[in-house]
Amino acid sequence: MIAPNWLEKIRPGAAAAAALLMFGIGSRAPGEELEAPNAISPMTSPLRFAFAEERAKAGAASEPAKPAPPQNWHIFTEFGVSGYDLDGALPGKFQEYREVPRGFFLRALDLSYLDKDSPYIAWMRARDVREKDQRIEAEVWRVGLFRSELSWDEIPRFYSRSPTLEQLTGPGLLQVSPAIRASFQGAVDGQPPQNIPPSFFDLVRGELAVAPRVDLGFRRETGAFRQSVSPSDSLELHVGALHIHKSGSRPVGTGTFARQAIGPAGDGVWEALGVELPVPVDDRTDSLNVGTRLSGAKWRVGLDYDYTVFRNATPSITYENPFRITDAVATTPGGNVGRERFVRAQLASAPDTDFQRVTVRAGWDFSGDTQARGLFSWSQSKQNEPFLPFTLNTAMTSPELPGQSLTSLSALPARSLNGKIVTTDQNYAVVSRAIQSMTFRLEYRSEHLDNQSPQFVFPGVSRFGDSYFLTAVDYYNVPIVNRSTSFIRQDGIASWRWDVLSALTTTLEYHWQAWNRTFRDAPRTDENIGKIRLDFTPTKGVTVRADYQYGDRSVGLYRTVPFDYVASTNTWVVTPQTRFDPTVPLEFNLLRRYDETARKQHDGSLWADVRMSRELTLSASLRYLRNDYAEGFYGLNFDELRSATAELTWTPGERGHFYANYSHQQNRLEYLGIGHLIPGAVPGVTACCAQYPIANTWDRDSNSHLDVLLLGVNLATDGERWMFDGSYSISDARDVIHTSNPFPIQANSPLTAGAYNYPDTKNRYQELLASVTYRIRPGLQVGVRYRYEPYAVDDFYLNNMSAYPQGSLTAGGLPVNVQRYIFLNSRYGNYTANQVAAFVRYRY
Amino acid sequence: MFRRLSDANFHAPWPFAIALMALSVLATAQTPPSAPEPTPTRRPRTAEQIVAGKCLQCHRKVVEEFVNEVHGKSAHFMAGGSEATCETCHGPGEKHNDTTLAKDILNPPRMAARDVDKMCLACHAKEHRRIAWTASEHDRKGMSCVSCHSTHHAKSPSKELIAFSENELCATCHTDLRKAYYQRSTHLFRTENHDEKIACGACHNPHGSETPKMIAAVSTNDLCYTCHAELRGPYLWEHAPVRENCQNCHIPHGSNNPMLLKTRLHMLCQQCHMQMLNRHQTVAGFDVFTFNQGCANCHNQVHGSNHPSGRTLTH
């Protein structure tokens with residue numbers, strides 16, 4: 001196992017304080033260097049517990065009585081100084097979710113109250129005090145009467161420090177200097193990408209070079225409180241509160257794509273347009289829980305009420321297009337040219353919601369070691385955030401709304417959603433051990449999510465960078481309606497466990513799962529799953545477990561929108577005779593969505609634990625999971641997981657402990673392209689598809705490997721005056737994506753249909769930790785620790801990124817057009833960190 | 001209220017205490033009446049004596065810890081069947097007192113799992129986090145309360161765990177989860193000193209629950225919404241697989257991909273939206289948006305959009 005960190009040894013709670021009470025400073029006989037066995041000392045390494053057990057066994061019967069002086073308050077603290085050196089152009093990942101201190105740090109501050117003659121227990125534990133990842137916990141309880149728990153936790157989230165032209169000038173308002181916008185538009189207004197002058201690129205780079213920098217990141221602060229009171233043995237009342245506040249900023253991409261000037265081959269010239277925004281984050285979640293438990297000798301009932309409000313201080317983000325000073329719209333046909341030419345646009349942030357839940361739990365113990373229990377929970381989530389207008393682009397009009405401004409709220413079919421989701425969860429189980437050595441379980445579970453939000457018919461939607469108003473005409477005259485998707489998921493489980501022998505247990509289980517869905521392609525799926533498991537202890541110290549599960553999911557009806565196949569062009573087209581099902585998403589017909597299509601699942605695992613001796617333990621596990629989806633269909637064909645883990649722990653004596661853990665995981669998946677659907681398609685023979693609406697696609701597969709190795713050692717000198725803790729971890733991942741197009745490429749799509757193998761994605765993380773501690777006297781330690789942490793990432797998504805990667809992004813050796821897209825370059829790059837800390841630990 | 005394995009096993013220190021007091025009275029009564037004797041000073045009983053009685057003679061160290069532990073305090077300060085004395089868990093001690101043999105006293109780690117559970121749940125069954133223990137995943141694997149907890153040898157006092165932390169305890173058996181700490185994206189945040197920010201117990205109820213994988217909520221999504229309430233909705237434009245199960249796209253412990261995604265973002269989206277592939281392709285078949293945030297460069301409201309123009313999860 002991972003060598004427990006020095007602070008994982010630090011547990012200032014009751015047992016630690018008890019140890020201190022017994023063996024606190026001043027109570028130890030002269031010359032006795034060691035702390036008492038069985039004590040949960042905050043300064044010990046794990047090997048001490050092997051040692052402690054030895055002492056306990058040796059001394060349990062003969063330990064002389066020792067009067068301990070009263071010491072009810074105990075303190076533990078660790079503080080020191082720390083520094084680190086960090087190399088790398090984009091080392092943000094080093095502090096992605098933590099703060100590594102520079103300078104003075106207060107690593108731990110623990111206070112506890114323990115009085116053997118008092119029914120009260122109280123403790124407080126603080127970690128990383130005044131750092132961005134600090135945590136404080138406190139408890140006070142009176143045994144048998146009440147318990148109060150309080151916690152405060154902070155987690156930072158750091159992205160990057162990035163230049164941006166978008167400045168936050170007001171609540172939810174990001175603006176770009178009018179002069180910049182005017183100069184950009186003046187250089188490139190309306191030009192197709194191939195006609196944009198190179199001087200424009202220098203203009204943009206120049207502005208970004210002097211643009212202000214923003215720290216992208218936010219912090220999550222969580223405060224929690226819980227109070228329970230037990231007025232009697234059978235009654236417990238509790239109330240709890242949770243407060244979460246997120247504040248800061250995060251990168252959000254906005255943009256569109258365009259095809260400029262369809263070339264002679266028909267592939268055209270493509271371009272990505274947009275701007276990545278530093279979106280402000282400021283939201284709060286406040287939850288209240290009130291409940292009670294009532295119990296008797298053979299029964300128990302619980303009732304809980306939960307109320308949660310989510311409040312977003314920035315319900316919308318209004319931002320300016322760096323490339324525009326005047327509004328314009330895309331040109332016809334279909335808005336292909338001249339997209340992303342608005343001046344201002346808006347994002348709708350997460351809406352305020354109000355949520356309530358009532359939960360009832362009950363259990364009853366019958367004779368014959370049989371128990372029945374159930375849960376019923378009803379909840380409701382509502383939101384009624386005012387809608388934003390279709391667009392802020394003043395140049396946009398629609399023939400569907402003559403004389404009406406699309407920037408006005410009056411153009412909308414409604415002013416808000418007034419949405420509501422009601423969810424009912426139920427679980428009922430009967431378990432019985434009436435027959436010796438057997439356990440029976442019958443269980444029924446259901447989750448019914450009923451989205452009762454109203455549906456509206458929209459005259460259209462603004463798309464392509466708020467430069468074109470699409471209507472139903474653009475969608476084959478299918479109305480544009482928001483769909484309130486709902487579902488019912490049901491599970492029925494029957495299992496039988498039989499302790500065949502003292503060393504052998506077998507379990508058989510049958511599981512049925514059904515989904516009923518609205519507004520999805522498969523209204524109903526049923527899955528039958530069978531599982532067998534064996535637990536075997538062939539000899540003392542050896543345990544082996546094996547299980548296998550087979551699942552078969554079938555689809556009653558997979559509804560599609562049947563486009564018409566035209567053999568002469570080898571493509572699918574929409575004709576006036578095509579009939580669309582308005583309750584099915586307007587996506588391509590024949591693609592099978594993996595989460596609702598037919599599936600066969602194999603899931604098996606093997607686990608073994610061998611205690612070779614008192615000092616040496618080995619455990620290993622294997623797992624194989626494969627899902628095969630609707631065979632021969634277009635879409636995800638299969639996905640597969642293989643993993644293996646082995647762990648070794650060795651405690652050769654009282655002052656040494658070693659461990660090693662190795663994990664390997666492989667994920668594979670494969671998609672089939674659309675060409676396989678062509679009637680009579682023959683690889684290498686049958687060409688596929690026009691470009692639009694149904695275009696040629698590739699076969700793809702991904703093969704991802706992960707290897708993780710963990711090593712650790714804990715050593716101590718005689719009497720534990722000196723202690724050494726060390727660990728090394730390395731995680732290495734590689735994702736290989738392969739694509740191919742088995743069918744000939746038509747003359748009008750050589751560029752878009754020719755398959756391309758993505759570069760491998762690699763991610764490697766290492767961590768070397770070492771600490772040396774010296775005990776000056778009982779209760780006082782000093783030490784030094786060192787961290788070496790190199791990180792390397794090679795990701796084609798990010799390798800060539802910058803704030804303005806025009807000319808840097810390539811694919812297959814050819815440039816990707818992003819002349820009119822400005823990014824935040826918010827990414828992590830390679831880094832190497834060296835950290836050193838000197839510390840003092842004091843305990844009283 | 002029933003609190004013992006069986007009534008026959010019930011023993012309280014009171015009979016012994018009464019007998020001791022009676023003997024004390026008798027001893028006092030033997031004093032010759034002729035001469036005035038000083039009144040003997042009765043020493044108050046210590047917490048150890050109250051809690052452990054005869055056990056204290058041989059197990060002083062254990063008892064001296066026990067009196068500061070919650071069960072020991074219950075033995076000291078509670079009554080009416082709620083107290084957890086030595087004999088509550090170890091059974092009647094008379095024979096063991098006579099023979100001092102280990103076999104003449106119950107040792108929970110060596111007892112059958114079912115017997116241990118009965119013993120602990122006699123008091124703890126009323127807590128809602130234990131209500132689904134019987135035939136739960138861990139119970140079916142032959143585990144018992146003392147597989148994870150220890151009254152006398154806890155390493156993590158706040159929950160009396162046998163490991164230094166929750167995650168360390170869980171990883172003892174779930175060794176394959178250790179790698180999650182070191183993957184490209186993880187939910188198991190830790191400080192530089194390996195202090196856990198998200199413990200296994202934040203999401204799972206190891207005592208069993210009504211939800212698969214022992215999720216500590218009525219559903220997976222309900223659990224996620226505890227911290228990610230901004231995704232609860234409803235939204236004007238819903239994304240159905242998001243509403244059904246967050247795990248359709250995310251791996252909760254750790255992933256080789258950013259944002260805990262199951263695979264690269266564009267490949268994940270294309271598992272359901274593959275027909276859109278070509279419309280976003282650029283020269284040489286390389287998707288225009290296989291850089292930076294991938295599909296989310298434009299479709300930034302992937303969990304749902306409340307904007308009237310957000311039909312395709314933009315805006």
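The buried residues of helix H3 in chain A are Ile180(A), Arg181(A), Phe184(A), Gln185(A), Ala187(A) and Val188(A). Looking down the axis of H3(A), these buried residues fall within an arc of 160 degrees, so they line one face of the helix. Keep in mind that this is a predicted model.

**Helix H3(A)**

- The buried residues of H3(A) pack against H4, strand S12 (316-320) and S39, which belong to chain A.
- After H3(A) comes Gly190(A), with a positive phi near 80 degrees.

**Helix H4(A)**

- H4 spans residues 198-209 of chain A, which makes 12 residues. From first C-alpha to last, H4 reaches 17 Å, close to the 16 Å expected at 1.5 Å a residue.
- Four names to look for on the buried side of H4(A) are Phe200(A), Phe201(A), Val204(A) and Leu208(A). They cover an arc of only 105 degrees around the axis, which puts them on the same side of H4(A).
- Over on the other side of H4(A), Pro198(A), Asp202(A) and Ala209(A) are exposed.
- The cover over the buried residues of H4(A) includes strand S5 (146-163), helix H3 (178-188) and strand S39 (820-822), again from chain A.

**How H3(A) and H4(A) meet**

- The axes of H3(A) and H4(A) come within 10 Å and cross at roughly 165 degrees. Angles over 145 degrees count as roughly antiparallel, and H3(A) and H4(A) are therefore roughly antiparallel to each other.
- The crossing in which H3(A) passes H4(A) is left-handed.
- On the H3(A) side, the residues that make the meeting are Ile180(A), Ser183(A), Phe184(A), Ala187(A) and Val188(A). Their counterparts in H4(A) are Phe200(A), Leu203(A), Val204(A) and Glu207(A).
- Phe184(A) is one of the buried residues of H3(A), and Val204(A) is buried in H4(A); both turn up among the residues where the two helices meet.

**Chain B at a glance**

- Chain B has 12 helices and two strands. Read from the N terminus, its elements go α-α-α-α-α-α-α-α-α-β-α-α-β-α.
- Chain B has 315 residues, and 57% of them count as buried.
- Take the contacts in chain B between residues at least 6 apart in sequence: 45% of these join residues at least 24 apart.

**Pro101(A), a loop residue**

- Pro101(A) sits in the loop between strand S1 (73-87) and strand S2 (103-114) of chain A.
- With a relative accessible area of 5%, Pro101(A) is buried.
- Gly83(A) is 18 residues away from Pro101(A) in sequence, yet their C-alpha atoms are 6.9 Å apart in space.
- Leaving out residues up to four places away in sequence, Pro101(A) touches Ser82(A), Gly83(A), Tyr84(A), Glu131(A), Gln835(A) and, from chain B, Glu192(B).

**Ser495(A), a strand residue**

- You'll find Ser495(A) in strand S22 of chain A, which takes in residues 487-501.
- Ser495(A) is buried too, with a relative accessible area of 7%.
- Setting aside neighbours within four places in sequence, the contacts of Ser495(A) are Thr439(A), Phe440(A), Arg441(A), Leu508(A), Glu509(A) and, over in chain B, Arg140(B).

Technical notes
Residues are numbered from 1 along each chain as its sequence is written. Chains are lettered from A and ligands numbered from 1 in the order in which they are written. This is a predicted model: local features need pLDDT of at least 70, side-chain atom pairs count only at pLDDT 80 or more; totals for chains, interfaces and linings use all residues. Side-chain values use heavy atoms; hydrogens and water are left out. The expected span of a helix is 1.5 Å times one less than its number of residues. Buried means under 20% relative accessible area, exposed over 50%, partly exposed in between (1.4 Å probe, protein chains only). The arc is that of the directions from the helix axis to the C-beta atoms. Contact means heavy atoms within 4.5 Å. Axes are lines fitted to C-alpha atoms, for helices over the stretch in contact, and angles run from 0 to 180 degrees between N-to-C directions. Angles under 35 degrees count as roughly parallel, over 145 as roughly antiparallel, 65 to 115 as roughly perpendicular and the rest as oblique. A crossing is left-handed if the near helix is turned anticlockwise from the far one by less than a right angle, and right-handed if clockwise.
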